[in-house]
Amino acid sequence: LKLPHVWTRGSPHPFPRAPSFLVAMVLRERSPAKAKKGKGGAGAADLIEPARTKRRSSKDANMHRNLQMRLRSLSVEDDQDFAMILGGCGGMPMATPVAKEKTVPARAADVEVESEKPKISRIKSLSTFWRLHDGLEDWGYRNFPAITDSFNVLVYSLDLAVRSVRWFQFGIVAVCLGFRLFVYAIMLLPAFLKIFFAYYHDRRIQRRVRFGPAEREYLDIYIPEEALAAQKSGQPVPVVIAVMGGAFVIGHRGYNAQLGLRLMDFGVITVGIDYRNFPRGQIPDMVEDVGRGVRWVFQNIHMYGGDPKNMMLVGQSAGAHLAAMLVLEHGLLQAMDQANGGSTGEARLPMLPRGHSGSGHDIDAWSVSDLKCFLGVSGPYDLVKLGPHLASRGLYPRIVDHLTSGDVAGCSPERLLETDDWKAHAGAVAELLPPIHLFHGYCDQAVPVWASSDFAERLREAGVENVTLDLRKGMSHTYPVIEGPMQRHDPQVELILPVLFGKGAQKRLEDSPKLPPMWPLRILNVAGYINPF
């Protein structure tokens, strides 16, 4: 999204929630087919509507194609498209950009027909609830952020319980797992409260920055002192884009707090990207959210003192799955573009509608080759093979069907490597992809260790050679992100710093202040043993 000055200056979240169905309605109402023809280029509806139509396809549709269409739609979003959506939905007025914008010719889609005005008015009336809701929520976040966040979590939990109770098996296994999780949370509650307090009171964190129109499209930016100096005059600092886990159901960008707080000690900016959770979104929605967030970071992070040329993508658990899906799909799109005559590494996307032209960053803001590394931590990369394991854990195995609209293979990064598109462009994609580091613990009970080892093997078989498989003994699913950092042993930081700082990383680790554990080690060890994950 090319709105750097609009969404990052002044109010941290001036962009209101625009439900996807409302966005689609606005774009359809302003379609050139229903408007007078002008001399301008293609309208927003020309660019985005094919993807919206594809999303409404039947469950038998190929999810791989669906995801490609979604990523294509992201690559042609621009300021005017969302300015139109904001105006059509009665959103808050957009701030005047600081930078000088280039002149764009008038678009045919911006010409209204008199007969269409009642329809636009109807759409505006439908958005009244959302305007009131966003106004109240914004007021709450400005004045009582912790209470507002907690209330939203409570509302979402109740909604989730009502919608998904039929998908859980309340047998002896599930009851035991639930009890262990409750005891685990109680044992670590004081440490969790410390993180909670730091997240809401550390002034170096810019929370809830809006990066797109959909629900939950917010991000947090952890800005160290070095980045503040770089904003004035100085060397830009490295950047980590973090995508949290949460079983696709209970994720929240705040889960990145431990990582973000620790990386600030080393002068690294961390951007925690949020995405829609199930059942309010399915995996294609989540990949789209992450893709839009990554695009936003590449376009805007320089204003925070970050270096777009020294950036890596980190995903944990479900976040690792979504990030891997994005990296592979985006790389494949770039390779397909090159095969169709593209002259650059940018994802120029060969299936753009007629009448739209452009190249380089006019079409997309980032390339997978711009990433220094992709670090996947404890990710489930093949949901087809994960079903039987879920059943053994007391969870309804067909929940993955609901997560993926019935196309489980189409939403699995590992299965993408078996598609005809990948086989046709495997060599070109392999040259574009960044180094891939897959980290997993042998004691992981939530996602078995074979999830990473099998994915690494399939990547190598598909021609991706720069793959590192890092399997650790004695580590559970949550150790790298919860118990380890609480003990002041952070495997993620130890893997991230060498990528961003090279040979100087070890010295930075040795010179960093030794912090005491957040909670007694004995309690942390017992909690790790009780942990059901």
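## Legends to close-up views

**View 1. The charged end of R207 sits over the ring of Y199, 5.9 Å from its centre.** A charge is taken to sit over a ring if NZ of Lys or CZ of Arg is within 6 Å of the ring centre and within 35 degrees of the ring normal. The charged end of R210 likewise sits over a ring, that of Y218, at 4.3 Å from its centre. The structure is a predicted model, in which local features need pLDDT of at least 70 and side-chain atom pairs count only at pLDDT 80 or more, while totals for chains, interfaces and linings use all residues. Residues are numbered from 1 along each chain as its sequence is written, and side-chain values use heavy atoms, with hydrogens and water left out.

**View 2. Ring pairs link F196, Y199 and Y200 into a cluster.** A search of the whole structure finds 5 aromatic pairs, where rings of Phe, Tyr and Trp (its six-membered ring) pair if their centres lie within 6.5 Å, and where planes under 30 degrees apart count as stacked, over 60 as edge-to-face and the rest as tilted. One of these pairs joins Y199 and Y200 in an edge-to-face arrangement, with 4.8 Å centre to centre and 80° between the planes. Y199 has a relative accessible area of 4% and is therefore buried, and Y200, at 10%, also counts as buried; the term buried means under 20% relative accessible area, exposed means over 50%, and partly exposed lies in between (1.4 Å probe, protein chains only).

**View 3. W296 and Y304 form a tilted aromatic pair.** Their rings lie 6.5 Å apart centre to centre, with 45° between the planes. W296 counts as buried at 0% relative accessibility, and Y304 is buried with a relative accessible area of 1%.

**View 4. Helix α12 (residues 257-264) is largely enclosed by the rest of the structure, because 8 of its 8 residues are buried.** Helices (H or I, at least four residues) and strands (E, at least two) are DSSP runs, numbered from the N terminus. The buried residues of α12 include Q258 and R262, as well as L259, L261 and L263. The axes of α12 and helix α21 (residues 491-501) come within 10 Å and cross at roughly 50°, the axes being lines fitted to C-alpha atoms, for helices over the stretch in contact, with angles running from 0 to 180 degrees between N-to-C directions. The two helices, α12 and α21, are therefore oblique to each other, since angles under 35 degrees count as roughly parallel, over 145 as roughly antiparallel, 65 to 115 as roughly perpendicular and the rest as oblique.

**View 5. R208 and A247 are residues other than glycine with a positive phi.** Most residues other than glycine have a negative phi. In R208, which is placed in strand β1 (residues 205-210), phi is near 55°, and this residue is buried with a relative accessible area of 3%. In A247, which lies in the loop between β3 (237-243) and α12, phi is near 60°, and this residue is partly exposed with a relative accessible area of 48%.

**View 6. N466 lies in the loop between α19 (450-461) and β8 (467-472).** At 44% relative accessibility, N466 counts as partly exposed. The C-alpha atoms of N466 and P434 are separated by 7.7 Å, although the two residues are 32 residues apart along the chain.
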